[in-house]
Each structure stands twice: as C-alpha cells, then as structure tokens.
Amino acid sequence: MEIILSQLITPSKLFQRLMICAACLVSVSQVHAQDSRVAIFDSQRVIRESAPAKAAEVKIEQEFSKRSKDLQDMANKFRILAEKFDKDAPVLGESDRIKRQRELTDLDQDIKRKQRVFSEDLNQRKNEEIAALLERASKIVKQIAEAEKYDLVLQDAVYHNPRIDITDKVLKALTK
C-alpha cells in the first residue's frame, strides 16, 4: 500500500509531464513538416477565370435566353395592362373592374411562378456546370500533386503565400 501511495502524481507534476510530452510532439511534427510539401488551390478563381467556366456561362445563357425573353414579354404585357386598368378604372363598372383586377392578379401570379421556376432551373444548370468543372479541376490538382510530389493540397485557404499557389497551373491545364 505504501508503494502505491508514493507513486501518486500531484496535479502540478502531471501538468509538467503533459507539457514535456506536448513539447516533444511539437518538435517531432516540425521535423516532419519541414520535409512536407504543401500547395493551395483556389477553386473560386477557377470558377471565375477558367476558359471552361466562361464557355459554360455562354452555353447556359444561350439555353435560357428564349425563356428569359418570354418572361420579359410577359412582364411588359402585365405593365401595359396595369397601366390601362389604372387609366380605365374610374369609368369601369364594378363587375368589369373586378374582372380585370382578377385577370391582372392571375397574370402577376403566373409571371412570378414562371420567374421562380426559371430561376430554379437556371441555378440548377449553373450548379451542374460548376460541379463538372470542379470535378475536372480536382483531377488536375491530383495529377499536379502527384507529379510535383506535394504531400498536401488545400482548397480555398483564407490566406496563403503565392509561392505555394498552384491555381495558375490548374487554369493552364483546364484550357488544354
């Protein structure tokens, strides 16, 4: 029993031992970190600046231009009918005024519904193109990392030294 009690560690001694272990771990990790190669890849820059991203943007605009024009035409029609209603309202009978108000309300709801569907479809197409682009870019990042023997490639860092940025290499490879 005396042996066990004499081997008890006080909290201050435990803290000292933990600090020594932590210092050892930090020094070992620094030795390993000096041998490691790290790179940064800016995916947002690829989405903004790459040739495939710009081509996808043009393609999507062409896909959705007819629907966009149709929505603009409907909005113009609504505006014209609303102006005509405002001008004619004082001389319209009660039933005609209510009928035209309903028509305007129905047209407005139809336009809003179509705009919402249009926006959802457009966002879905954009997201599909971005996902395909980023998938392709990720494959290129992996190829660069393997070829140049990087141990770690981080994506979208808050801050990084420009010398470890491989985004230009990825942009160049995407244009091929």
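Thr-167 counts as buried because its relative accessibility is 0%, where buried means under 20% relative accessible area, exposed over 50% and partly exposed in between, with a 1.4 Å probe and protein chains only. Please bear in mind that this is a predicted model, in which local features need pLDDT of at least 70 and side-chain atom pairs count only at pLDDT 80 or more, while totals for chains, interfaces and linings use all residues. Residues are numbered from 1 along each chain as its sequence is written, and side-chain values use heavy atoms, with hydrogens and water left out.

Thr-167 belongs to helix α6; helices (H or I, at least four residues) and strands (E, at least two) are DSSP runs numbered from the N terminus. A polar atom of the Thr-167 side chain lies 2.9 Å from the backbone nitrogen of Asp-42. Contact here means heavy atoms within 4.5 Å. Neighbours within four places in sequence aside, Thr-167 is in contact with Ile-40, Phe-41, Asp-42, Arg-45 and Val-46.

Val-46 leads us to the core. Not counting residues up to four places away in sequence, Val-46 touches Thr-167 and also, among others, Phe-41, Ala-53, Leu-133 and Leu-174. A nonpolar core is a set of buried Ala, Val, Leu, Ile, Met, Phe, Trp, Tyr and Cys residues joined through side-chain atoms within 4.5 Å. The largest has 15 residues, and Phe-41, Val-46, Ile-166, Val-170 and Leu-174 touch the most other members. At least two residues of this core come from each of β1 (38–41), α5 and α6 (167–174), and α5 gives the most, with six. A second, separate core of five residues includes Ile-60, Phe-64, Phe-118 and Leu-122.

Next, the open space. A pocket is an open set of points on a 1 Å grid over the protein atoms alone, where a 1.4 Å probe fits, with protein on both sides within 12 Å along at least five of seven lines; lining residues have an atom within 4 Å of a point. The largest pocket is lined by 15 residues, and nearest its centre lie Ile-47, Ala-53, Ala-56, Glu-57 and Ile-130. Its lining draws at least two residues from each of α3 (43–49), α4 (51–88) and α5 (94–147).

Finally, the whole chain. Six helices and two strands make up its secondary structure, in the order α-α-β-α-α-α-β-α along the sequence. Of its 176 residues, 20% count as buried.

Note on methods
A polar contact is a pair of N or O atoms within 3.5 Å; within protein, one must be able to donate a hydrogen and the other to accept it, and residues adjacent in sequence count only if both atoms are side-chain atoms.
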